[in-house]
Every structure is written in structure tokens, then in C-alpha cells.
Amino acid sequence: MMLTLFVQLLLVYTCTAEVANKYKDMLLEKHNELRRKQHGTNMDELVWDDTLANEADAWISRCDFKHENKGRGENLAFNTGTDEMENIDTAFKNWYDEINQYSYARKTCAPSSCHYTQLVWATTQRVGCAIKVCPQINVFGRMVKNGWFFGCWYDPKGNDVSEYPYKKGGDPCSACLEGQTCHNGLCMGEGKEVCEDKNEQCTMYAASNQCEENKPYMEKNCRQSCKLCTGGPAKECVDKSALCPRYGKSECDRNPAYMHSECRKTCELC
């Protein structure tokens, strides 16, 4: 009996030149078709990235079935079937079917649904995929002959447990970034993040040097306090307290958590 094994890991791949030329348009459309099904209000349209493809190809050419874990979003599939199109279809189906184990309310994907969430992570914009047939491939310590490797590398990576994979509750494209356009239900183009703080404690976090010490969180949630953006609405340049002028600018350094929030004009933060 032919051994048929399909194993999935959260990993990234790229296509060899031949595979990319042959399948990249189809692989890209498969991704975007599944992303449209979520009806997300901020779902970005993926574009093909040759750099991701080349990086992934170099990694999977080692024929060692494991993560690289170097800052990319990663989806991996393994099979011993010989029909390439069938293997590709099976990989996408298995990744997407993890939606049945995913809870949107809990945000976290857990091991059983992280392929699905990376597949539909709204703010991911680029993908590169690879396919390689390895004469022998190491799969969890077991050598398997003629192993079919397939996977996709994503950037920016998804599966941040502090975020939902996409926004819902409105029309597709209703939450696209400034400068993006809507193309068939997906947000197209780079766009520009709104310059805002998503957490009311951002000013305090920034004052305690979290912009440097906790960059991943702060870059996503405290863009204004960390001075990372220029677009969108800015906080009004006023002192919220009549006592701010009495405190004086020197207090901005002694008590930044309060002063940066309540005395923006006095502290010359705007």
C-alpha cells in the first residue's frame, strides 16, 4: 500500500524558479479567493513576492521538515502523492478547514488552526510559495522517500495572539488603510496606518521606554505615542488641566506618564 502522509506545520516556503513560473498566479489566486470568503473589512489582497519565494526555496531544499522561524509567517504541507495539482488542492483544503477548530472570540489560533489564521491574516500583504520533491526527506526523525514539500512564506507574518486575524462587522474594504483601493472585496496597495493609539495607556508605556523594549506591541498599538506615523487624526494640541502651565515643562521629564497625557501643549508634544 502506498504510504500517503499529509502533515502540516506553521512554516514558510517558496517556489523553485520552474514551479513559480508554472503555478505562482494560481497559488496567489487560491490565497486571495479564500481571503475573500471571510468578508473581512480590512482584508489585504496578497501579491507575489520573489524574495520570499527565493528564501523559502533555499530553506526547503534542505529536505528537512521543520520550521525556519526567522520572522516570516509559515504554512507547510507534506505528501507522498505524485499528482502535484491534487497535492496543492489538498494542502489548501487542509489549511483552510482548520476554520472548524478556530474561535474568533479567543483570538489565539492554538496549534490546531494556525495554518488557517495565517492564510487569512488581514494585514499580511506578500506571499511566496515553493514546491520540491525530495528523494529523501527527514520528517520528525523519520526518513521518507520521494517526499513532496509545499509551503508558503508570508510577510508581514500573522498569528499575533493580541490581535484578531481580520476585522468583521462591516462591508468588505470598509476598514482599508488610507491610500488603499478596493479590488474585488480586498484592500489593494500598501496604504498608511492611521496615526493613533489603540490603548489608553500608550502614553504611559511610551514614557517608560516601551517603544524600544516592547517594539512588536507598541508598533501595532501605540503608533502615535511612539511617533511612528504621520497620517490620520492626531490628538488635539491642548492642556487638559488648567494646572499644566503652573507645573511647567520641567515636570514633563519628572512625571512623563501624567504630563504627556494631560499637558501635551505645555510639554510641546504637538
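Buried here means under 20% relative accessible area, with exposed over 50% and partly exposed in between, using a 1.4 Å probe and protein chains only. This is a predicted model, so local features need pLDDT of at least 70, side-chain atom pairs count only at pLDDT 80 or more, and totals for chains, interfaces and linings use all residues. Residues are numbered from 1 along each chain as its sequence is written, and side-chain values use heavy atoms, leaving out hydrogens and water.

I'll start with helix α3. Helices are DSSP runs of H or I, at least four residues, numbered from the N terminus. Helix α3 covers residues 84-97. Its buried residues include Asn87, Ile88, Phe92 and Trp95. Seen down the helix axis, the buried residues of α3 fall within an arc of 160°, so they line one face; the arc is that of the directions from the axis to the C-beta atoms.

Now the cysteines. A disulfide is a pair of cysteine sulfur atoms within 2.5 Å, and the whole structure has nine.

One of them joins Cys202 to Cys222, S to S 2.0 Å. The torsion about that S-S bond is about -70°, so the disulfide is left-handed. Cys202 lies in helix α5 and Cys222 in the loop between α7 and α8, so the pair ties together parts 20 residues apart in sequence.

Another disulfide joins Cys211 to Cys226. Its torsion is about -90°, so this link is left-handed. Cys211 sits in helix α6 and Cys226 in the loop between α7 and α8, 15 residues apart. Both Cys211 and Cys226 are buried.

Last, Cys109 to Cys114: with 75° about the S-S bond, that link is right-handed.

Definitions and conventions:
Helix = DSSP H or I, 4+ residues; strand = E, 2+ residues; numbered from the N terminus. Expected span 1.5 Å × (residues − 1).
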